[in-house]
Number of protein chains: 2
Amino acid sequence: MLNYRTIIRILGLILITAGIFMWLTIPVTFIFREKDALQFFLSGAITAGVGALAYLPFRKSRMELNRRDGYLIVTGGWILFSLFGTLPFILTRSIPGFTDAFFETMSGFTTTGASILNNIEELSHGVLFWRSLIQWLGGMGIILLTLLILPFLGIGGMQLFSAEVPSPTPDKLHPHVKDTAKRLWLIYLLFTLAETIMLWAGEMGLFDAVCHSLTTMATGGYSTKQASIAYWDSPYIHYVITLFMFLAGTNFTLSYFAMHGKFRKIWANEEFRWYLAFIGGFTLIITLGLFSTSRDGLEPAFRNAIFQVVSILTTTGYATADYLKWAPWLGVLIFILMYFGGSAGSTGGGPKIMRIVIMLKNSTQELKRMIHPNAVILVRLNKMAVEESVVTNVLAFITFYGIIAVVSMAIMSILGNDFETSVGTVAATLGNIGPGIGNVGPAMNFAEIHVLGKWYLSFLMLVGRLELFTVLVIFSPMFWRR
Amino acid sequence: MLNYRTIIRILGLILITAGIFMWLTIPVTFIFREKDALQFFLSGAITAGVGALAYLPFRKSRMELNRRDGYLIVTGGWILFSLFGTLPFILTRSIPGFTDAFFETMSGFTTTGASILNNIEELSHGVLFWRSLIQWLGGMGIILLTLLILPFLGIGGMQLFSAEVPSPTPDKLHPHVKDTAKRLWLIYLLFTLAETIMLWAGEMGLFDAVCHSLTTMATGGYSTKQASIAYWDSPYIHYVITLFMFLAGTNFTLSYFAMHGKFRKIWANEEFRWYLAFIGGFTLIITLGLFSTSRDGLEPAFRNAIFQVVSILTTTGYATADYLKWAPWLGVLIFILMYFGGSAGSTGGGPKIMRIVIMLKNSTQELKRMIHPNAVILVRLNKMAVEESVVTNVLAFITFYGIIAVVSMAIMSILGNDFETSVGTVAATLGNIGPGIGNVGPAMNFAEIHVLGKWYLSFLMLVGRLELFTVLVIFSPMFWRR
């Protein structure tokens with residue numbers, strides 16, 4: 001029943017695209033007069049070549065797609081990209097080991113930002129650029145996924161988002177959807193350019209500005225510096241990056257509205273108001289906490305608070321400060337933020353604001369149902385009743401998320417990590433954040449994790465990024481039946 | 001709309017009962033020639049006196065009850081009992097502070113077993129007996145609650161349990177329900193007696209045997225020794241207590257079936273099979289873990305493993321070993337067990353096996369729904385389809401449990417606890433277990449927790465014990481409207 005021709009054809013196309021993007025690093029090697037142009041050329045040639053071998057035989061076959069094909073393409077696409085994306089790291093010997101290279105690439109392409117590198121600043125500019133580009137491509141993939149593929153697959157909760165944009169039916173893709181995808185990609189590109197210019201206008205060099213803009217808009221969080229954004233002791237840079245992390249964690253459709261002056265439509269979006277409220281609330285408490293427990297003034301306290309809150313909540317993962325060195329309760333608040341995630345329709349990972357809001361609302365409604373068992377008490381979002389099946393799907397998603405987190409925590413502890421590190425590695429990767437708590441805090445990295453742990457966490461990044469079901473469904477025996 | 005007369009009348013009856021039970025400690029003081037008989041007499045007199053003052057004016061008023069009255073009676077009953085239950089502790093000066101006395105009593109009556117005592121062995125026999133009796137009464141209250149009141153209130157998931165026994169309708173209590181309550185109380189009493197005899201036949205004195213039997217059957221976990229069950233270096237005693245913890249965490253209806261030889265009905269109960277599977281699975285892994293990481297032989301490893309697994313899973317909280325001194329991953333497994341809980345219809349707390357199973361099954365069914373979006377794919381339990389509203393209620397319960405745990409963890413960290421202690425205090429009290437992780441492990445206690453933390457944790461014990469909704473509904477503005 002699987003349409004292997006279509007699947008192979010699309011996966012081939014993905015590899016061809018990946019290969020072409022690898023070649024984009026070649027000019028960078030020339031600009032900085034570095035010697036790894038050949039390695040990048042080879043990486044791209046191998047990737048695009050394999051892609052072409054897969055694509056060409058089926059280029060004229062009829063495009064037929066059903067749900068199951070969709071699951072395989074999405075999951076397979078992310079895995080294939082992460083496999084071939086290791087080539088530049090391996091061929092340039094910047095990450096010689098396959099496990100580490102795969103972890104780093106998967107972490108990039110899932111926009112996670114967890115790294116195994118202890119020596120970021122020693123890497124060539126080409127490699128640094130490729131590392132940032134992986135995240136940016138991952139972000140583009142996510143926009144496509146949310147708009148085009150998830151509604152088609154019926155992955156829960158996203159229906160609510162896709163009600164905002166023309167939704168594709170299982171039979172055919174609405175032509176508007178392709179237009180929307182192009183429009184949102186354009187916004188993605190514009191934001192990246194705008195951030196580059198604004199950072200460059202500050203104290204950041206052009207190369208670093210480009211790389212950080214690529215990884216900000218993807219809510220990825222890879223930096224060109226080992227110290228992450230803390231490297232720049234510049235309030236301007238911190239605030240600019242905070243702004244763009246905020247935009248990257250916002251539903252891109254709202255940015256589209258903003259550009260067309262439809263501000264009332266933005267305010268009407270309830271998820272956005274909650275997104276603001278969560279950021280505002282946590283920033284306020286953490287600012288007060290930092291101000292009262294450290295010697296910082298109010299402005300640095302506020303700046304560190306809002307930066308870290310937006311960075312973790314949007315699942316970007318940049319750092320201007322090490323929250324593990326704050327008063328313990330402030331670290332606990334940051335840890336809790338790891339289970340929020342960006343808005344639906346953004347590049348942010350995690351459970352997503354919308355699901356958290358539906359869960360919270362359903363809890364209070366459940367109390368009302370206890371008092372009035374015969375009344376029909378629905379969850380309302382954007383002033384409309386949310387379908388019961390959507391609520392169930394959201395709750396199923398969140399409980400599933402919890403189950404995976406708990407099982408993974410056990411697995412990571414069996415692989416030799418202490419309690420906090422086990423919890424932290426899982427929260428950081430399943431939520432596509434990057435830094436966690438314990439031994440994988442913002443000042444540390446994943447280099448010391450057991451090799452099996454690295455593979456398992458790579459799997460978690462994939463599962464988290466693709467909204468759990470897209471990946472897990474493939475492990476269900478029913479998927480392969482008949 | 002609230003029937004205050006009926007509410008006050010029933011709360012009065014609860015206090016009269018509590019007062020009478022306080023007097024049961026007087027013979028104990030005589031047997032051990034201790035001097036606190038007067039204090040116990042006074043405590044009982046005050047409690048029963050206040051109860052009589054509340055009861056008598058309304059003894060002839062018509063009994064009218066609606067759902068809201070039910071919520072108030074249950075929550076109010078547990079709070080009132082915990083308030084007056086402090087009298088013996090305060091009057092005998094064994095726990096002079098009111099906060100500590102309330103924490104200890106609430107911990108007892110909710111069958112939690114978290115203690116603030118550093119000097120258990122210095123307490124008089126009367127006080128030790130009262131401390132155990134509180135838990136036993138709490139266990140009786142829980143049996144009544146699950147059988148009679150929760151189905152009436154429609155607290156989710158328990159419908160599945162009450163399908164096993166005649167269920168009361170909102171209009172009138174089915175006479176069978178009262179019979180069932182009496183039968184199950186009889187089993188509860190018989191098990192308590194049987195355990196007393198078996199422990200006494202071992203190396204335990206009669207007094208300790210009685211006290212531990214009272215607290216085992218309630219899945220309470222208060223011990224007469226600071227070292228808990230580890231005080232007795234006797235495999236026989238460890239296995240006997242394991243057996244009775246297991247029985248206390250089993251649906252009491254199944255024990256009733258067992259006594260009538262209906263073993264097939266026991267095996268047909270799916271929750272029971274999962275209960276066995278969880279205990280078996282965790283015991284196996286932890287036995288192997290202990291055996292390979294410590295110098296213990298296989299039998300002590302197995303004994304410690306099964307004791308701690310059953311103790312935590314059933315939410316009893318006795319200890320024969322300090323799991324925080326085991327290899328870290330073994331401690332993580334024990335921590336995960338804190339989020340399981342006993343069977344529905346047992347005295348165990350926590351989310352309950354049945355809810356965990358429904359959640360797990362719904363997760364796998366959700367994957368199937370992803371593949372076949374138009375098929376009706378239900379969760380099945382005991383070979384029957386579980387109603388969709390029950391599944392939703394179970395998921396709402398579990399997400400609510402998670403929300404409360406996360407918010408509470410933030411509160412406990414703000415009150416000055418580190419990450420593990422914040423997580424540990426919440427898991428231990430919300431789940432009605434007793435010992436947690438961090439600074440409240442099995443070898444420690446809650447004495448050093450901030451006074452506000454003690455009040456907050458007392459509230460959590462109540463919320464956890466009364467299946468969340470029963471308590472939280474009272475905080476909903478809708479509850480008090482019109």
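The structure is a predicted model, in which local features need pLDDT of at least 70, side-chain atom pairs count only at pLDDT 80 or more, and totals for chains, interfaces and linings use all residues. Residues are numbered from 1 along each chain as its sequence is written, chains are lettered from A and ligands numbered from 1 in the order in which they are written, and side-chain values use heavy atoms, with hydrogens and water left out.

To start with the interface, chain A puts 50 residues into the contact and chain B puts in 50 residues, where contact means heavy atoms within 4.5 Å. The size of an interface is often given as the accessible area lost when the parts come together. Here the buried area (accessible area, 1.4 Å probe, that two parts lose on being put together, summed over both) comes to about 4400 Å², with 81% of it from carbon and sulfur atoms. On the chain A side, the residues that give up the most area to chain B are Met370(A), Ile371(A) and Phe419(A), and together they make up 17% of what that side buries.

Six residue pairs are in polar contact across the interface, both residues being at pLDDT 80 or more. A polar contact is a pair of N or O atoms within 3.5 Å; within protein, one must be able to donate a hydrogen and the other to accept it, and residues adjacent in sequence count only if both atoms are side-chain atoms.

Several helices supply two or more residues to the side of chain A that touches chain B, among them H4 (67–84), H17 (353–371), H18 (388–414) and H19 (419–430) of chain A. Helices here (H or I, at least four residues) are DSSP runs, numbered from the N terminus. H18(A) gives the largest share of that side, 14 residues. Sorted by class, the side of chain A that touches chain B holds 32 nonpolar, 11 polar and seven charged residues, with Ala, Val, Leu, Ile, Met, Phe, Trp, Tyr, Cys and Pro counted as nonpolar, Asp, Glu, Lys and Arg as charged, and the others, Gly among them, as polar.

Over all chains, the whole structure has 18 salt bridges. In one of them, Glu104(A) pairs with Arg131(A) at 2.8 Å, N to O. This pair links distant parts of the chain, Glu104(A) in helix H6 and Arg131(A) in helix H7 of chain A, 27 residues apart. Buried means under 20% relative accessible area, exposed over 50%, and partly exposed in between (1.4 Å probe, protein chains only). Glu104(A) is buried at 0%, and Arg131(A) is buried at 2%.

Glu270(A) and Lys361(A) form another salt bridge, with their closest N and O atoms 2.4 Å apart. Glu270(A) sits in helix H14 (residues 270–293) and Lys361(A) in helix H17 of chain A, so the pair ties together parts that are 91 residues apart in sequence. Both of these residues, Glu270(A) and Lys361(A), are buried.

The salt bridge between Lys325(A) and Asp322(A) has its closest N and O atoms 3.9 Å apart. Lys325(A) counts as exposed at 70% relative accessibility, whereas Asp322(A) counts as buried at 15%. Shared partners also join Lys352(A), Arg355(A) and Glu467(A) into one network of salt bridges.

Lys352(A) shows up again in the backbone: its phi is positive, about 85°, although it is not a glycine. Lys352(A) lies in the loop between H16 and H17 of chain A and, at 3% relative accessibility, counts as buried. Thr111(A), also not a glycine, has a positive phi near 60°. Thr111(A) is placed in the loop between helix H6 (98–109) and helix H7 (125–153) of chain A, and is buried at 0% relative accessibility. Most residues other than glycine have a negative phi.

Notes: A salt bridge is a side-chain nitrogen of Lys or Arg within 4 Å of a carboxyl oxygen of Asp or Glu.
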